[in-house]
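Have a look at the structure below, then read on.

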Amino acid sequence: MSRLKNKTLMLIVAAVIISLGVVGCNQYISGAKVRLQEDPPNYDAAIRTLNEGLEYAPKDPEMHGLLAYCYVQTKKYKEAGKSYASAIEYSPTQKDSLQNAWNDNWNDLFNLSGVYLKRSVSGSKDSAAANIEKSLEQINFAIDLVPNKVENLIRKGLLFRHMGKTKESEALFAKAIAIDPNNPDAYYQVGRSAMESENWDDAIKNLAKATDLKKDNDQWFYWLGVAYMYKRDYPQAQKTFAIAGALKADEKNTWFNQAQAYYFEGIDMKSAIVALDKVIALDSKDVEAYSLLGLCALHNTVNDYDRAIQIYTKALELKPDSQEYKNYLEYAKKQKEASQAPAKPKKKRR
């Protein structure tokens with residue numbers, strides 16, 4: 001009798017297991033959804049129910065997809081990534097919608113990391129470190145969800161750079177480039193990191209690579225121009241700032257630095273003056289622009305003393321206590337007087 005009961009039980013279990021392939025999955029999905037409709041949703045119970053169902057139907061895409069949703073809600077992002085991958089692998093018809101859901105979850109984490117990163121820069125100094133940590137937390141979640149996404153590595157490398165972890169930062173950028181050798185953001189970050197180390201050759205090499213791959217970012221050309229300036233390659237700096245200015249004409253720092261590149265080279269003061277006129281047109285109170293413009297007007301290839309007087313008079317209106325501007329104004333006046341004085345006749349030799 002005992003043996004008969006055991007045999008019957010085995011047959012019943014076998015029938016149940018076979019039937020799961022047909023209708024059993026639905027009961028696990030329904031059970032999980034009931035848990036999710038509780039207030040608040042009982043995600044842990046839903047996860048247990050779905051995992052139990054997957055023991056009987058390991059290739060059910062709907063259970064994997066719902067499980068991914070539950071894992072995201074409980075911040076178990078590694079598990080969520082694996083569930084999304086399985087759901088996509090086993091789904092005959094919903095691969096695109098599942099991939100879009102996975103991408104949307106990743107975007108939420110990546111964008112939130114960006115929000116905290118922006119706050120760390122634009123907010124108060126007291127909260128900067130806390131915002132960096134929050135940004136790092138979100139990007140780590142994003143990495144758990146999609147491990148080898150290049151954007152994750154670049155963002156984390158940038159955060160490490162802000163935290164002073166230079167070696168860790170460089171390793172992440174190198175990994176990003178290894179995954180995608182044509183990713184311009186990775187080269188840009190490597191270039192900016194090299195600038196902070198005052199390695200101008202590496203900075204120029206990587207920023208030039210970034211701008212070659214992505215030709216529409218004015219800030220990248222701006223920083224490449226700055227790197228050329230520090231390298232004292234003034235002709236290249238002039239050309240690079242011109243590109244940055246063509247992409248964004250209302251950025252006064254681009255024109256100011258282009259003017260410096262012409263001034264330091266010492267050949268083409270007229271182009272320096274044109275660039276500084278653009279700065280002043282954008283900001284009529286930029287006293288540094290007036291100061292450099294005055295030096296250009298006084299340069300021995302220009303000698304425009306009237307304009308120098310006008311410029312330093314304006315500069316003193318903006319900064320009345322500047323002894324430097326007072327001295328240049330007096331110098332310009334004296335040079336003007338000297339240039340207008342009649343030439344003394346030469347003494348005849350007897």
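1. Start with Lys231, which forms a salt bridge with Asp201; their closest N and O atoms are 2.7 Å apart. This pair links distant parts of the chain, with Lys231 in helix H11 (residues 218–231) and Asp201 in helix H10 (residues 200–213), 30 residues apart. A salt bridge here is a side-chain nitrogen of Lys or Arg within 4 Å of a carboxyl oxygen of Asp or Glu. Helices are DSSP runs (H or I, at least four residues), numbered from the N terminus.

2. A word on the basis: this is a predicted model, where local features need pLDDT of at least 70 and side-chain atom pairs count only at pLDDT 80 or more, while totals for chains, interfaces and linings use all residues. Residues are numbered from 1 along each chain as its sequence is written, and side-chain values use heavy atoms, leaving out hydrogens and water.

3. Asp283 sits in the loop between helix H14 (269–282) and helix H15 (287–298), and Lys252 in helix H13 (residues 252–265), 31 residues apart. Lys252, Asp283 and Asp286 are linked in a network of salt bridges.

4. Overall, a search of the whole structure finds 13 salt bridges.

Conventions:
Helix = DSSP H or I, 4+ residues; strand = E, 2+ residues; numbered from the N terminus.
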